[in-house]
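Here is a quick tour for anyone meeting this structure for the first time. Take a look at the model, then read on.

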Amino acid sequence: MAYHGFAIDRYLDADAVTKQLDELIKKPVYSIRPDKLEDYVEHYFNKKCARSKEMIEKAKEVIPGGVQHNLAFNYPFPIVIEKAEGAKLYDIDGNWYYDLLQAGGPTILGSNVPEVRERVIDLLNTCGPSTGLFHEYEYKLAKKISEMVPSVQKFRMLGSGTEACMVAARIARLKTGKKNILKMGGAYHGWSDQLAYGIRVPGTKSLLSKGVPGFVFKHTDEFFPNDLEDLERKLQRNRLNGGTAAVYIEPVGPESGTRPVSKKFIKGAEWLAHKYGALLVFDEVVTGFRIGPGGAQSYFGVDPDLTIFGKIIAGGYPGAGGVGGHDDCMAYLGAGLDSSGKKVSKAMCGGTMAATPISCVAGYYTLCEIERTNACEKAGRMGDRLTKGLQKLIRKHDLPFVAFNQGSICHLDSVGTMHFSVNWKKPWTIPEVLKQTGIRQKEMEHMGAAYMAEGIVTLAGSRLYTSAAYTEEMIDDVLDRFDRVFENCGLIEV
């Protein structure tokens with residue numbers, strides 16, 4: 001499939017990429033050399049980011065860890081940003097960076113675009129950010145989403161993707177009368193208790209869900225990514241224990257495609273979910289309006305029963321979450337009636353600050369701009385250019401790194417931290433897997449610091465989001481900066 005408005009020209013070969021990642025985790029660890037990392041810390045962070053360092057030390061006195069969001073935890077200390085514009089971020093010390101974090105993915109137009117900002121300012125001058133009552137842009141945003149995403153007949157705005165994932169499970173249980181939730185191992189569907197299962201690394205079950213009691217996961221299980229046989233085994237097993245209410249999928253693979261899945265798998269998962277009477281829930285928090293105006297589901301030709309939205313539907317403004325889907329599913333969030341007028345149970349769902357005027361106005365005009373400017377395709381072309389350039393640099397420096405992308409969602413995997421998996425049939429291997437992921441996580445952080453010192457902000461040193469604000473010249477400059485980092489990478493003793 002050519003671009004045709006989507007971010008993807010040609011979909012990757014998931015099996016080939018997986019094979020590369022399989023080889024990566026068998027190899028010794030290559031990362032930024034310790035002497036060069038020390039040089040970056042001393043001459044860049046300590047000297048050129050002194051105000052950031054001072055502010056974070058003060059923040060630690062009143063904020064746990066010094067920051068309010070996990071994305072801000074960076075080695076050796078978080079950088080304090082005071083300005084965002086287009087493809088760049090600016091810190092309080094006067095340094096600027098290419099923004100390949102994009103707040104975790106939502107700013108596909110680029111940061112702080114004036115076409116949206118001016119509409120928000122107009123709203124603040126008249127209505128203000130919130131009233132607690134209905135605003136016309138609640139309708140306009142819901143209508144816009146239903147026009148863009150074929151499977152969404154109705155839409156309910158919420159405060160976050162986490163909330164949307166929570167309520168989707170409640171809808172699914174009421175609609176199907178079944179109990180269990182199946183989710184893809186390694187995928188992240190927010191941090192609510194029952195879905196914080198098998199996160200980051202497939203097979204971890206509750207190992208990485210500290211503070212959540214084990215009994216909460218009685219009706220939650222994971223299946224291995226890109227494995228239809230494992231998914232069907234779990235669906236068959238659940239028939240004996242209350243059935244499966246929903247199958248949750250990140251459409252390009254867990255953690256925004258860090259472990260990619262094939263088109264065949266996505267279509268097969270849709271068929272299997274419906275064969276066993278479960279709802280298919282597409283978590284499009286990242287892919288929605290980034291892979292294409294109709295989401296990843298339009299690209300893959302899939303018709304999910306429910307779709308999770310987040311981040312981008314408020315254009316980077318707060319209040320970014322929601323769930324949409326078929327009429328017969330969304331009836332469980334309405335006035336207790338389905339489309340035929342039949343009374344149905346109403347799922348528990350709240351959110352005083354959901355669908356505020358500010359979030360709905362920002363979201364509506366963001367989606368309008370995405371359509372008007374063909375932002376998905378533009379960002380995807382930049383993602384292709386970045387990935388091809390990274391692959392060339394990897395070969396140039398003879399490094400074991402793996403670079404691939406799904407449109408504007410790009411991956412630069414230097415250590416394979418999230419490509420490990422836990423096999424409970426061989427419990428003696430679990431400590432070694434956790435040890436290796438810990439070691440490699442540390443080196444990811446070191447690589448992220450090196451990129452930051454060269455003026456590139458990434459997500460955890462391994463994920464890169466391009467936006468429509470990038471130009472070919474900018475991408476080429478980004479690649480020059482990666483080149484300088486790769487030149488100083490070598491074998492690390494662990």
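## A threonine tucked inside

Let's start with T366. In this predicted model, T366 has a relative accessibility of 4%, and since anything under 20% is called buried, T366 falls in that group. You'll find T366 in helix α12, which covers residues 357–373.

What does T366 touch, once residues up to four places away in sequence are set aside? The answer is L109, V116, I312 and G315.

## The whole protein

Now zoom out. The protein is built with 15 helices and 16 strands. Its C-alpha atoms fill a box of roughly 70 × 60 × 50 Å along the principal axes. A compact globule of 494 residues would have a radius of gyration near 23 Å, and the protein, at 22 Å, agrees with that.

How much of the protein is buried? Buried residues account for 58% of the 494.

## Backbone spots to look at

A few places in the backbone are worth a stop. The peptide bond running from Y75 to P76 is cis, and its omega is near -5 degrees. P76 itself sits in the loop that connects α3 (50–59) with β2 (81–85).

K311 has a phi of about 50 degrees and belongs to the loop between β10 (306–310) and β11 (321–325). A355 has a phi of about 55 degrees, and its place is the loop between α11 (327–330) and α12. Are these two buried or partly exposed? K311 is partly exposed, because its relative accessible area of 26% lies between the 20% and 50% limits. A355, with a relative accessible area of 11%, is buried because that value is under 20%.

## Empty space inside

Rolling a probe the size of a water molecule over the atoms shows where empty space is left. How many cavities of 30 Å³ or more does the structure hold? There are two.

The largest cavity contains about 80 Å³ of space. Its lining is made up of T258, H411, D413, G416, T417, M418, M444, S462 and R463. By type, that lining has two nonpolar, five polar and two charged residues.

The second largest cavity contains about 30 Å³ of space. Around this second cavity you'll find G186, R200, P202, P254, E255, T258, R259 and M418. Its lining divides into three nonpolar, two polar and three charged residues. Look for T258 and M418 in both places: they line the largest cavity and also the second largest cavity.

Definitions and conventions
Residues numbered from 1 in each chain as written. Predicted model: local features only at pLDDT ≥ 70, side-chain atom pairs only at ≥ 80, totals over all residues. Heavy atoms only, no water. 1 Å grid on protein atoms, 1.4 Å probe; cavity = no way out; pocket = protein on both sides within 12 Å on 5 of 7 lines; lining within 4 Å. Points joined across faces, edges and corners; volume = space filled by probe spheres on them. Nonpolar A, V, L, I, M, F, W, Y, C, P; charged D, E, K, R; others polar. Helix = DSSP H or I, 4+ residues; strand = E, 2+ residues; numbered from the N terminus. Rg over C-alpha atoms; globule rule 2.2 N^0.38 Å. Buried < 20%, exposed > 50% of the residue type's maximum accessible area, 1.4 Å probe, protein only. Contact = heavy atoms within 4.5 Å.
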